[in-house]
Amino acid sequence: MMVAKHCEMGDLLKVKVNKLTSTKTQLPYSYYSLPYCRPDTIVDSAENLGEVLRGDRIENSPYVFKMREPQMCSVVCRLTLNAKTAKEFKEKIDDEYRVNMILDNLPLVVPIRRLDQESSIVYQHGFHVGLKGQYAGTKEEKYFIHNHLKFTVKFHKDMQADSARIVGFEVKPFSVKHEFEGDWSEKTRLTTCDPHAKREVTSSESPQEVDDKKEIIFTYDVDFQESDVKWASRWDTYLLMADDQIHWFSIVNSLMIVLFLSGMVAMIMLRTLYRDISKYNQLETQEEAQEETGWKLVHGDVFRPPSNSDLLCVYVGTGVQFFGMILVTMIFAVLGFLSPSNRGGLMTALLLLWVFMGLFAGYASARLYKMFKGTEWKKITLQTAFMFPGIAFSIFFVLNALIWGEKSSGAVPFGTMFALVFLWFGISVPLVFVGSYVGFKKPVIDDPVKTNKIPRQIPEQAWYMNPVFSILIGGILPFGAVFIELFFILTSIWLHQFYYIFGFLFIVFIILIVTCAEITVVLCYFQLCSEDYLWWWRSYLTSGSSALYLFLYAAFYFFTKLEITKPVSGILYFGYMLIASYAFFVLTGTIGFYACFWFTRLIYSSVKID
């Protein structure tokens, strides 16, 4: 957490500039990629891993204030556009880019009054580079730049001392064609904005046009306002939640699904475990023994290792790694360690946890591999260490090349790429090996029933027990349980809003686990009852298929909510959503698999078989 800065009267406040962002292109650029006024030397602030991956580039700026000393019409610099710079500004205005600045770790916001309600103000992150418009009576569209910034710094006064802390940083941007008399020098007074004559800029009446040979004078005002907001709660305005109801509604909705499924699972458990087993264990007559219920007929085949068992081990291991990463991250987030004020904290935490959870991935895949009578544990370890990260990294690499081709600051620099590869090869892979070694040394998991030598034939199945059909049906419920929360997560990522309601997310995550487990158990039971014993892969895919719906929903969101027009940005969106869906598949599939594994072991261990 940041330590509060106590500022005395007249202390220097340095504004830092961050990336230019746009929800239309999703490609961030560094502030000085546009020919804005520069300080004498540009200093790049140290960014953490998460910030670099998000494309944050935090640099110093020529905007310097003195604490509680208002300024009017301070001139930053004067520049004359040429064809190239004018074109750069126009492109950024066209794509609705916004300028992000930071003061004392607080991002700059533009307060906007909501039209429907009188009192409520929404905060928009950063101000637009400029705007498009027509002069009255003309058809031609012109571009205007926001060159006059009216900053408001809100501070909370300390009662005892004469110091204050900054609790808010707002701006109102204007476009003004500044005028002055005589020749330009450092001391020139502007006629359009003059502190001595008390002429201040209140509207964009004669705006500053962007075109070749135009001269732009950048100016700013600073106003200081005392505020009742305590320093500790200064982030609250940024995080105002407009729609708590929707979250509660989504959770109640999901709980209904969970209750329904839990009822079914309880029924199955009671029926199979209690009635069937008691009946089976007191064999009255020989005839009754012949009429075993469906799932008991396959007891000699149910623990036969599946085809492609190596791959299953790898995927289960990766799923365990994900599960651990998400669980620990959520717990940290709920306890408030990863608040949005800690820029890039969430990203960094996810990456580091992923690397350390490699230990559990190796352990889980090796235990399962040994149960499938596998012997080459090193092979399975290598696959676990490289399969998912390899695929994700290659997609990421291609996307990064595309971003780099657009000269965006969102491209991960070579040094960071190296750091990521080091995390993967230097820490993650050895940990997977350690985990595997420990897992393979453990005694093998015993099957509750013996497996026959000769596989039994699977009877003709009803159409609704068709693998593809039941797998696709299985994915609907886990997706249904999370999709409202998903909407908020997508909005926070792609529309650059803060996501911080980790309490809700945690509840939804628990619901997701329960739903995945239960739907898999129910469908697995039906499958075994119709004497189909190939449940290993089916259990993984049943809950894992929710990832397919997640990807389809992401596509739906793209076409209905986002205004992305550039092809590169579209490829970016779908590339990242593909990685996310793949991760979701591995996570939900593993939950389903373990639930089913536990369930089959439970029901078969309670049956006496001669």
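**Exercise 1. Find how many cavities of 30 Å³ or more this predicted model holds, and describe the lining of the largest cavity.**

Solution.

Step 1. Rolling a probe the size of a water molecule over the atoms shows where empty space is left. The structure holds one cavity of 30 Å³ or more. For the largest cavity the volume is about 40 Å³.

Step 2. Now list the lining. Around the largest cavity stand S470, T520, L523, C524, Q527, W535, R538, S539 and T542.

Step 3. Assign the lining to elements. Helix 12 (502-529) and helix 13 are the elements that give two or more residues to the lining of the largest cavity. The largest share, four residues, comes from helix 12.

Step 4. Sort the lining by class. There are three nonpolar, five polar and one charged residues in it.

**Exercise 2. Describe how helix 6 and helix 13 cross, and state which residues make the contact.**

Solution.

Step 1. Two packed helices are described by the angle between their axes and the distance between the axes. Helix 6 covers residues 309-334 and helix 13 covers residues 536-544. Their axes come within 11 Å and cross at roughly 35°. The crossing of helix 6 and helix 13 is left-handed.

Step 2. From helix 6 the contact takes L311, L312, Y315 and V316, and from helix 13 it takes W536, W537 and Y540.

Step 3. By class, the residues of this contact between helix 6 and helix 13 divide into seven nonpolar, no polar and no charged.

**Exercise 3. Compare the reach of helix 6 with the expected value, and state what follows the helix.**

Solution.

Step 1. Helix 6 has 26 residues, and 38 Å is expected at 1.5 Å a residue.

Step 2. From its first C-alpha to its last, helix 6 reaches 37 Å, close to that expected value.

Step 3. Helix 6 is followed by G336, whose phi is positive, near 90°.

Methods:
Residues numbered from 1 in each chain as written. Predicted model: local features only at pLDDT ≥ 70, side-chain atom pairs only at ≥ 80, totals over all residues. Heavy atoms only, no water. Axes fitted to C-alpha atoms, helices over the stretch in contact; angles between N-to-C directions. Left-handed = near helix turned anticlockwise from the far one by under 90°. Contact = heavy atoms within 4.5 Å. Nonpolar A, V, L, I, M, F, W, Y, C, P; charged D, E, K, R; others polar. Expected span 1.5 Å × (residues − 1). 1 Å grid on protein atoms, 1.4 Å probe; cavity = no way out; pocket = protein on both sides within 12 Å on 5 of 7 lines; lining within 4 Å. Points joined across faces, edges and corners; volume = space filled by probe spheres on them.
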